[in-house]
Amino acid sequence: MKVGAAATAPTMSSNTMDEPNVSAGLEMAASSIPKSRKEKGLHVLFLSSDTGGGHRASAESLANQFQLLFPGTTYDLLDIVEKDGVAPYNSLVSTYKHLSAHPSQWKLVYTVSNSRAFEMLADAHLKLMCERAVRKRIQSYNPDVVISVHPLMTNVPVLSCSKISHITGKHLPIFTVVTDLGSAHCLWFANGVEKMFVGSDQIKKLAMARGKVPVEKIILAGLPIRHDFAIQADLLGVRHSEAGRAYQQRVRRELKLPCTDRKTVLVMGGGEGVGSLSNIVDALYVELALQGIDALVLVVCGRNEKLRHKLATRDWQVVFDRWNGALERNGISSSLMSMSFSDACGNGLVTSGCIESRAGTVTSSIRRMLSSKNLQNAVSTPLPDSDHKRTADSVGEEKKSEVDLNQSIPPDTTIQSPVHDGYESKSLGKVIVTGLGFVTRMAEYMVAADVLVSKAGPGTISEAAAVSLPVMLTSFLPGQEEGNVDYVIDGGFGAYCADTDPIGIGEEVCMWLHDPAKLEMLSNAAKAKGVPNAARDIAQQIGDSTMKWKELNDATHDQSTTELTGHTKIVVSAEEPSR
């Protein structure tokens with residue numbers, strides 16, 4: 001259990017999202033609750049699981065806001081599937097780690113489980129085998145409110161909370177906060193919750209269609225992200241304004257980046273393997289250099305010390321020579337890649353194989369591309385491995401061109417590159433690559449960056465949008481994250497290019513950096529989709545509703561006590577919260 005220290009509730013400001021403003025209604029609801037009651041705090045029970053970082057991160061973001069808005073609040077994180085579930089659900093965490101590393105297996109499991117037949121089977125199985133244990137587990141925490149942030153922890157808890165309410169005579173409210181953006185598993189949409197908070201119109205439509213959740217129970221509020229992003233979004237303002245650029249420079253200095261005056265690309269891999277992320281970084285380095293862009297590439301390695309060490313010891317001059325030589329030998333060019341993807345999509349030329357806008361759905365385009373023989377031929381050409389074993393001859397050659405991590409290619413270097421039109425005898429860009437460990441100031445790093453390169457995780461996308469940062473997506477988990485690609489493309493603040501085409505990723509990012517108007521357009525679109533205060537708004541509404549239920553429960557309990565003892569007592573009436 002974590003105890004929240006007393007804090008003053010922040011002033012509510014208007015929300016940045018385009019959809020109906022949640023904040024105004026929340027302020028009115030909050031005003032009807034006496035301050036003395038708010039300061040007693042709440043005991044919040046979050047139902048979550050460590051299947052990816054998004055569920056826990058959302059729960060902790062909400063918990064932080066509960067503690068700010070309702071001083072004295074305490075909370076617990078509970079994985080009821082691991083504690084009280086039955087096979088195969090109780091091995092969910094280890095299974096997820098395996099499947100997420102094997103996308104084809106993940107796709108099979110996700111597709112089968114995201115069906116009406118499985119939904120009915122899982123619902124009956126879990127309720128029959130686990131409900132009693134789940135009920136006892138929840139009751140042992142004695143929460144004021146239960147919040148599910150995981151799809152497997154909705155159907156049984158809804159029934160358990162209903163039974164607890166009946167047994168105790170005190171209503172125990174339960175809410176669902178969906179932590180997906182563009183696509184979501186059918187198990188999210190268990191009916192019977194007080195309210196269901198969703199992050200996008202796509203999820204709202206799914207909840208109504210798949211779960212038959214009444215529209216009045218669905219609240220479009222954005223994805224809950226860390227409070228740091230709300231703070232940084234306010235300080236940044238409009239990213240490409242004079243004040244926004246000045247603040248970005250200030251943040252870069254505070255982070256003590258190797259340079260503050262260059263275009264900055266932030267690369268995040270999430271659960272991706274070392275190989276794909278490493279190749280993306282190499283390709284970015286080469287393309288930035290070839291296109292004459294002075295840049296800083298920040299690579300978030302997290303706890304992946306192996307990758308961080310490789311980046312720190314990599315000979316970037318050798319990387320450049322090797323990749324550039326491979327491009328020349330194999331004849332891979334922007335026009336070749338564009339034609340291959342164009343043939344696959346049938347929607348005209350697409351720069352560097354990236355999807356930026358389209359008619360129809362992005363995911364269908366992706367499937368067509370992945371099955372295209374032209375595409376397979378185009379990307380099957382072997383690219384150099386930066387970590388290959390060196391021969392005696394190659395070691396001698398490499399020693400002649402060793403460069404330090406924070407050293408770039410000399411500015412007066414020129415190359416002859418018949419593959420890249422217009423690059424004959426051109427000075428190369430000065431590029432610095434820096435590997436970062438576990439980052440605790442992610443909001444500031446996103447403010448410092450000009451472009452984010454990342455997998456299609458919903459939390460990362462929401463965080464980038466909150467600080468108006470354009471996004472280049474490079475991979476997604478089939479089924480679960482496919483819709484996130486649609487969300488970014490439809491929102492107009494990024495593009496998708498598969499990590500199997502690192503050259504395409506590099507070329508597209510360079511195109512953005514070369515075009516200030518394009519970069520500003522992407523940034524403004526990201527800002528329009530960003531909801532930096534989503535966690536605050538969700539916590540406010542759930543907290544206000546729970547406070548009303550506590551007031552009603554206490555009043556009912558006082559009345560019952562009066563009737564049992566035969567004493568006369570004045571009972572404060574409370575209007576029953578809407579359900």
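Which residues point one way from β12, and which the other way? In this predicted model, V431, V433 and G435 of β12 point to one side, whereas I432, T434 and L436 point to the other, and all are buried (under 20% relative accessible area, with exposed meaning over 50% and partly exposed in between; 1.4 Å probe, protein chains only). In a regular strand the side chains alternate between the two faces of the sheet. Six of the six residues of strand β12 (residues 431-436) are buried, so β12 is largely enclosed by the rest of the structure.

Because the model is predicted, local features require pLDDT of at least 70 and side-chain atom pairs count only at pLDDT 80 or more, while totals for chains, interfaces and linings use all residues. Residues are numbered from 1 along each chain as its sequence is written, and side-chain values use heavy atoms, with hydrogens and water left out.

The secondary structure of the protein consists of 24 helices and 15 strands, defined as DSSP runs (helices: H or I, at least four residues; strands: E, at least two) and numbered from the N terminus. Of the 579 residues in the protein, 56% are buried. The accessible surface amounts to about 24,800 Å², and carbon and sulfur atoms account for 53% of that surface (Shrake-Rupley method, 1.4 Å probe; for residues, only the protein chains shown count as cover). Among contacts (heavy atoms within 4.5 Å) between residues at least 6 apart in sequence, 74% join residues at least 24 apart.

Strand β12 belongs to an open sheet of six strands in the order β12-β9-β8-β13-β14-β15, with parallel pairing (two strands pair if DSSP finds at least two bridges between them). The edge strands are β12 and β15 (494-496), each of which pairs on one side only. From one strand to the next, the twist averages 15°. Strand β9 (residues 295-300) pairs with β12 in the parallel sense over six bridges. Within this pairing, A295 stands opposite V431, and T434 is the bridge partner of L298.

Helix α10 (residues 227-236) packs against α11, their axes coming within 9 Å and crossing at roughly 130° (axes are lines fitted to C-alpha atoms, for helices over the stretch in contact, and angles run from 0 to 180 degrees between N-to-C directions). The two helices α10 and α11 are therefore oblique to each other (angles under 35 degrees count as roughly parallel, over 145 as roughly antiparallel, 65 to 115 as roughly perpendicular and the rest as oblique). Q232, L235 and L236 of α10 meet G244, Y247 and V251 of α11 in this contact.

Most residues other than glycine have a negative phi. K256, in the loop between α11 (242-254) and β8 (263-268), has a positive phi of about 55° although it is not a glycine. S468, in the loop between α20 (458-466) and β14 (471-473), likewise has a positive phi, near 50°. K256 is exposed, with a relative accessible area of 73%, whereas S468 is buried at 3%.

In strand β2 (residues 43-47) lies F46, which counts as buried at 0% relative accessibility. The C-alpha atoms of F46 and I147 are separated by 4.9 Å, although these residues are 101 residues apart along the chain. Leaving aside residues up to four places away in sequence, F46 touches A59, L62, A63, F66, Y75, D76, L77, L78 and I147.
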